[in-house]
Amino acid sequence: MKIAFASSEIVPYAKTGGLADVAGSLPKELNKLGADIKVFMPKYYTVDEHKFNLEYMFSIGEIKIRVAGYSHAVHFFEGKMPNSNVPIYFVDCPKYFHRHKIYTNDHDEDERFILFSKAVIELLQRFAWAPDIIHCNDWQTGLMPMFIRDNYSWDRMFNQTSTIYTIHNIAYQGRFGTETLSKAEINGNYFYPGGPVEFEGGVNFMKAGIMFADMINTVSETYAKELLTAEYGSGMDPFLNSRKSDLYGILNGVDYTVWNPEIDSHLPFNYSINDLSGKLKNKKYLLNTIHMPFDENVPLIGVISRFASQKGIDLIAGIIDNLLQMNVQLVVLGSGEEEYEEIFRHVAFNNPLKVWSYIGYNDDLSHLIEAASDIFLMPSKYEPCGLNQIYSLKYGTVPVVRKTGGLADTVQDWNEYNSYGLDIGNGFSFEEYSTYALQHAVDRAVNDFHNKPVWQKIIRNGMNKDYSWSVSAKSYLSLYEKASQRRKRLS
Ligand code: ADP
Ligand code: GLC
């Protein structure tokens, strides 16, 4: 099975969120299962070719890619994904990708990812390598399925190529004005009220992905069901409903070579389920470093999050006064909406013994907080999959989550499940999106924290769970197989 996998962010080269973690690990897992896979991403300014051993592709040289009426000179770099033989190709076009951020609000944001999508296709042509599957991820590659079936359909090489579109987050859709039609040379027949690339009068890359891909999936089973409702569908629910029989939910796996407390090189102390003493040492180390008092009996609550309404950050801010009254400590790592950056900066400044915040992005710190905390808060309004709660489970850090999307599929409420005598509770969850419900779940967690045998059991239930890619990568392979067989029948 030949697979071209395209993503706008990939660990370790560029990351803003979980998509990068997924794109950095799933291809390697597919490769282990025997897939012949090539990976593609833009070469942002921050992707350092020396650090990552990337080589300029003299064999390809320059390809001119037409976007917004101009032919842009595009070059390519190649390398191998770390600890693997999986080839990764970088689309280099400084005009579009040498910016201060991966995603921007610049007027040509559409052009940046039109160029990326076309460049991947044209590089495949140069390779004369016809994949069985082109796997697209999120809106940035949402136009690729349409390009393959329409703009590049003259190339018979792609006749038997099918496309998979993975929705990591329906809220970010790539919505642009009608000028995008000509910039991307979108077939006018697709743009009319209700047409496959039209949404509310503009061009919508997410919708195009949904309408043109052979198969669609999202990153948990619960979110796949939620997406079909108006509450969660962000306007895409009617189109997803129209393609319901081609919509699947496949839970993300995690890369336990990166996120595993036994071998995590970011941690001063490694530990395992058999000996949790290192976990306590990490807690002491973190608290010392940030000048907060250490007390084994005071639960340390961790938060690592984009500060976006998706993440329920307003709920956390809403219970902060209560948390200050409790005998707990809080560490927060995140950035995003300014209002919340301010709130956490202020609370930490005014309560230096109880709250600490780091406003920004810091990979080392995210590992240390996962290891050092006793409890992890993730009260998301919606959560397609969520990775931090899965990391938390592995790190013996008990998650408190809202029961939605991937959070519902990975965290089993201790009280609820134990009351059924199932003995599988690994965290705490609540349904209603309210500060009251979150506070109640936190109270339950803190209460059980003080009951050592119960807490040990909850931790163990979490650490024992296996969320490696082994299961999910196989589900992707069968999805590819299904899509590919259907396309081959059609062509
Ligand atoms: P999302 O992709 O919606 O942000 P996920 O839980 O799937 O949510 O993935 C978030 C990823 O980004 C995790 O790997 C998490 O550790 C990381 N992350 C989020 N915020 C920060 C931050 N401020 N610093 C470092 N890592 C972060
Ligand atoms: C998105 C979602 C998150 C998911 C990640 C990777 O950013 O918000 O829930 O884990 O993609 O699929």
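**Entry 1: ligand 2**

I began at ligand 2 and found one of its oxygen atoms 3.0 Å from an N or O atom in the side chain of glutamine 310. I counted this as a polar contact, a pair of N or O atoms within 3.5 Å; within protein, one atom must be able to donate a hydrogen and the other to accept it, and residues adjacent in sequence count only if both atoms are side-chain atoms. I note that the model is predicted, that local features need pLDDT of at least 70 and side-chain atom pairs pLDDT 80 or more, while totals for chains, interfaces and linings use all residues. Residues are numbered from 1 along each chain as its sequence is written, chains are lettered from A and ligands numbered from 1 in written order, and side-chain values use heavy atoms, without hydrogens and water.

I then looked up two further side chains. A polar side-chain atom of histidine 168 lies 2.6 Å from an oxygen atom of ligand 2. For asparagine 252, a side-chain N or O atom is 2.8 Å from an oxygen atom of the ligand. I listed 14 residues around ligand 2, of which His168, Asn252, Gln310, Glu383 and Gly386 come nearest; a residue is near if one of its heavy atoms lies within 4 Å.

**Entry 2: the two domains**

I looked up the domain assignment, which gives domain 1 as 2–253 + 470–490 and domain 2 as 277–466; such bounds come from an automatic or database assignment. Their contact (heavy atoms within 4.5 Å) takes 19 residues from domain 1 and 20 residues from domain 2. I found their C-alpha centres 33 Å apart.

I noted that the domains bury about 1,300 Å² between them, 52% of it on carbon and sulfur atoms. Buried area is the accessible area (1.4 Å probe) that two parts lose on being put together, summed over both. I counted 11 residue pairs in polar contact between the domains, both residues at pLDDT 80 or more. On the side of domain 1 that touches domain 2, helix H7 (221–226) gives the most, with four residues. Helices are DSSP runs (H or I, at least four residues), numbered from the N terminus.

**Entry 3: salt bridges**

How many salt bridges does the rule find across the interface of domain 1 and domain 2? I found zero there, whereas a search of the whole structure finds 22. The rule asks for a side-chain nitrogen of Lys or Arg within 4 Å of a carboxyl oxygen of Asp or Glu. I looked up the pair of lysine 32 and glutamate 29, which meet at 3.4 Å, N to O. Lysine 32 and glutamate 29 are about one helical turn apart because they stand three residues apart in helix H1.

Notes. Helix = DSSP H or I, 4+ residues; strand = E, 2+ residues; numbered from the N terminus.
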